[in-house]
Amino acid sequence: MAYRLGRRGLLNGAASLSALAMLPRAARAAAMNFDEARHLLSRTAFGATPAEIEIFESMDYAAAVDRLLATFHPQAVTPAPSWVNEGLAELQRKQKLAVEGLAAEKQGVGDKKLQIIRPIPEQGRELRNWWIEEMLVTDQPLVERMVLFWHNHFTSALQKVRFPPALYWQNMMFRRHALGNFAALLKDVVRDPAMLIYLDGVRSQARQPNENLGREMLELFTLGEGHYTEADIKAAARAFTGLSIDRQSGKFEFHPQQHDAGAKTFLGRSGPYGADDILAIILGHPRTAETIVEKLWREFVSLTPDPAETKRLAAVLRDGGYEMKPVLRALFLSPAFRDPANHGALIKSPIDLVIGTVRVLGLPVVEKTQLARMMQGLGQAPFDPPNVKGWPGGESWISTYTLLLRQQDLRRIVEATTVSPMDGPMMASGVEKANRRADRRQQMPDSAMQSMAAYPVEGRSLRNAGGEARLGPTLAGLDGPAIVRTLLPRAPIEPLDVKASPGAVVAAALLDPAYQLK
Amino acid sequence: MDRRTFLFGAGALSVALAARDAAAQTRLQHILILVELKGGNDGLNTLVPYADPLYRQFRPGIGVARERVVQLNERVGLHEKLEPLMESWKGRDLAILQGVGYPYPNRSHFRSIEIWDTASASSQTLSEGWISQAFEGVPRPAGAGVDGIVVDTNSLPMVGPALRTVVMQDAENFLRQAQAMKDSAKPDGGNPALRHILEVRHEVNAAAAGLRDRLRDSIAPAFAYAEEGGFGRQLDLATRLITARVPVVAIKVALGGFDTHANQLPTQERLLGLLAGGLATLRKNLIAAGRWNDVVVMTYSEFGRRARQNASAGTDHGTSSPQFVMGGQVKGGLHGAYPPLADLQDGDLKHTVDFRSVFAGVARGCWGIQRDFGQRQPQKLDFIAA
């Protein structure tokens, strides 16, 4: 029986809870406490609601980790955008027409009534919104975190690739391998159209190999600087020639006539190597596993990888044939991860902050572009890492500017949302709806209010709404201290009055510096 | 009368150019006091087209009676609760910009205030405040610890890499906590992530410590502000900062409650009274302190409201509305054109002035900065004397 997290899954939570309540006594005796459960969830998901924490609290820690790793389906829950099977040539043609049309419009020529939309940026927007939706509703947030992890490791960016279907396919590829096998992932990466466009693999030919893919493979994706020579880069580049795409469809295509099949010497070994041979040699090098483990550590554990633990976990990865589940299991069970002093020792990324806040507060999202813009302003636009190194993360998320902007965004969420019962989702502040809403609120008796789904209403401050603020379905019914324990990974930095109204406590917790941590 | 204000006098243009070419020290340095009216202030009942029969037709219940309008000319007048502003009007240092809005207006509070605060087009999403954008590449004098002070809670107009902005509420919390932290042995508990955040926070708010000292030694304003609603307290703080000569470029305050969907009259009247009383007192204080020529005050709101009243004796979200600009060097009078009630767009007032042109005028007149905020053909508005 797979439990279902996520907003949609919450409705099924009750059934899961009662089933879990029938766990044998031994399992319950080894159960986690609130803080452990909260910590495990907040590191492996996008925030943790009280209901989710409660489910975990009743479980044995190792069993909970196993359950997390066992939850996997390769398809996304959110339906794909309509254009994901569009071919590259067709998209480029449409884009060209749109650009010409817009230029003509500026000259005053052409039919002004038609609204010309450039398909590439439009698809880019839809793609971002699709992924944001998936992050919000997923029932397997750990898988989603791993998709994001691979996206940040094997970087490609929409801004350069300019072919949104390929970024979608790449996302699905990361999804397939999310909790799978790193070796298999590596093989698919060098065949990934978005990657080949991003790192100029498509231009690389035997006569003049392009070194970009070879260099980044060694420098960033696997060994890291200092463990290979320039000659190794050249050899890898030669071996990667021929990996290309079909110009019509944009899908992967091997071009034998572009491939350099000659002898190469790579990391001390010689042979007429092709791409997979190079990858096999790389996978035999101990540094590869260490590089991945160091990144996993900074993603899940703390800002500074422990050298001894890195070596231990790298061995787990290698000895397990590069299967991700065993190393992730070892990571989540490691003393460093579980250490209470480690609670709140990571800085939330923009995606953590935005998605996590929306989920934990149970806010309905009317315009995902708003969330996309917040993430972008804070330095993390999905599908657009700044360069091939990806988002450095960690302390770099917080500068004087981004700290101010984070507080501003959170303050706007606090100021603009209080929850008032309504019998339907709030529309983007529509002129006609506003009045009927106000009328309805005055007519409804208290008991009816309680049972209805609650949604935020624009314009009334959470802080000032006092007793009238009803928190969303996730936080409803909690008292001050429980709210603080749920929202913050450690004691608040600033004095926080837990006896104030629930709305005011939520507001104070969100604006406390500790909320920036996880 | 209105068309003339769109023409940039040659004299004013050359002065502006000279100011731009001058060294940073001699650059025009006014302080902008930005007054946000939160919720969408109803412009039609603020600057009332009292003589227009359509006004009575659209607002049989909530129209402002003719005798309650302070007439400015034969067509428009101010709601009588704005009477305290008449001293500024008669002193010719109150400019009223009519019909300010933008193309493809958005009627969501959240989204529209963002558009104003980042001077973006309706379809754009920017995250940098317009004042920060204006100061991109403009050297800030060293030694000044703070460029912008936000006294209310919406700091977006000043958020950006180019300005050092302090949000006073955050600063007060920070100072309290900094004091508490001094006394504790390990404030970050050995957590490097927390340490980093606290260090950055310290950097953001370090200026606040200096501010607090200056405020503590500041003289109380000559004329006291009304306590009601917190607006007075914000203006009191702004006054002290200005009279203490804290070298900022902008200070922001806000008055909330303008989202009058139901029973508009008593709410808006009370707020207009607070606004006018506060601004009139501010003017008196700054004149007394000899700083009125160094200050430009500007009100703004995320949108105006619909021409017709609704069924709840209120109005719903609309589009354009007037802005008030006051200051010793402001060219008083009506600017722009009142959007005609006979020519509405989906029941809303059209805009005759793009707010980004207003901001461009402020950037030029206040700080000698040339910025078009993305407009290809900015309207030349001349409401601040060089």
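Start with helix α16 of chain A and color by burial: A:Arg287, A:Thr288, A:Ala289, A:Glu290, A:Thr291, A:Ile292, A:Val293, A:Leu296, A:Trp297 and A:Phe300 are buried there. Bear in mind as you click around that this is a predicted model.

Switch to chain B. Here you get 11 helices and 12 strands, and buried residues make up 58% of the 386 residues. For contacts between residues at least 6 apart in sequence, 74% link residues at least 24 apart.

Next, show both chains together and go to where they touch. How many residues of chain A are in contact with chain B? There are 38, and they meet 42 residues of chain B. About 3,600 Å² is buried between the two chains, with carbon and sulfur atoms giving 62% of that area.

Stay at the interface and pick out charged side chains. Two salt bridges are found across it. Select A:Arg373 and B:Glu114 to see a salt bridge between their side chains, at 3.1 Å from N to O. On the side of chain A that touches chain B, the elements giving two or more residues are α21 (368–377), α22 (400–416) and α23 (431–443). Color α22(A) by itself: with 11 residues, this helix gives the largest share of that side.

Time to look inside. The largest nonpolar core has 197 residues, and those with the most contacts inside it are B:Leu32, B:Trp130 and B:Ile131. Another core lies apart from it, with 52 residues, among them B:Leu78, B:Phe258, B:Leu286 and B:Val297. Go back to B:Ile131 and show what surrounds this residue. Not counting residues up to four places away in sequence, B:Ile131 touches B:Leu32, B:Leu34, B:Pro157, B:Met158, B:Leu163, B:Val249, B:Ala250 and B:Trp367.

Now select B:Asn41, in the loop between β1 (31–38) and β2 (47–48) of chain B. Show its side chain along with that of B:Thr46, and you'll find a polar contact of 3.1 Å joining the two. Beyond its neighbours within four places in sequence, B:Asn41 is in contact with residues including B:Phe258, B:Gln268, B:Leu272, B:Ser301 and B:Phe303. The list also includes B:Gly304, B:Arg305 and B:Ser321. For one more distance, pick the C-alpha atoms of B:Asn41 and B:Ser320: they are 9.8 Å apart, although 279 residues separate the two along the chain.

Last stop: B:Asn285, in helix α10 (residues 264–288) of chain B. B:Asn285 is buried, since its relative accessible area is 3%. Which residues pack around it, leaving aside neighbours within four places in sequence? Select B:Pro221, B:Ala222, B:Phe223, B:Tyr225 and B:Thr239, and you have the residues in contact with B:Asn285.

Technical notes. Residues are numbered from 1 along each chain as its sequence is written. Chains are lettered from A and ligands numbered from 1 in the order in which they are written. This is a predicted model: local features need pLDDT of at least 70, side-chain atom pairs count only at pLDDT 80 or more; totals for chains, interfaces and linings use all residues. Side-chain values use heavy atoms; hydrogens and water are left out. Helices (H or I, at least four residues) and strands (E, at least two) are DSSP runs, numbered from the N terminus. Buried means under 20% relative accessible area, exposed over 50%, partly exposed in between (1.4 Å probe, protein chains only). Contact means heavy atoms within 4.5 Å. A nonpolar core is a set of buried Ala, Val, Leu, Ile, Met, Phe, Trp, Tyr and Cys residues joined through side-chain atoms within 4.5 Å. Buried area is the accessible area (1.4 Å probe) that two parts lose on being put together, summed over both. A salt bridge is a side-chain nitrogen of Lys or Arg within 4 Å of a carboxyl oxygen of Asp or Glu. A polar contact is a pair of N or O atoms within 3.5 Å; within protein, one must be able to donate a hydrogen and the other to accept it, and residues adjacent in sequence count only if both atoms are side-chain atoms.
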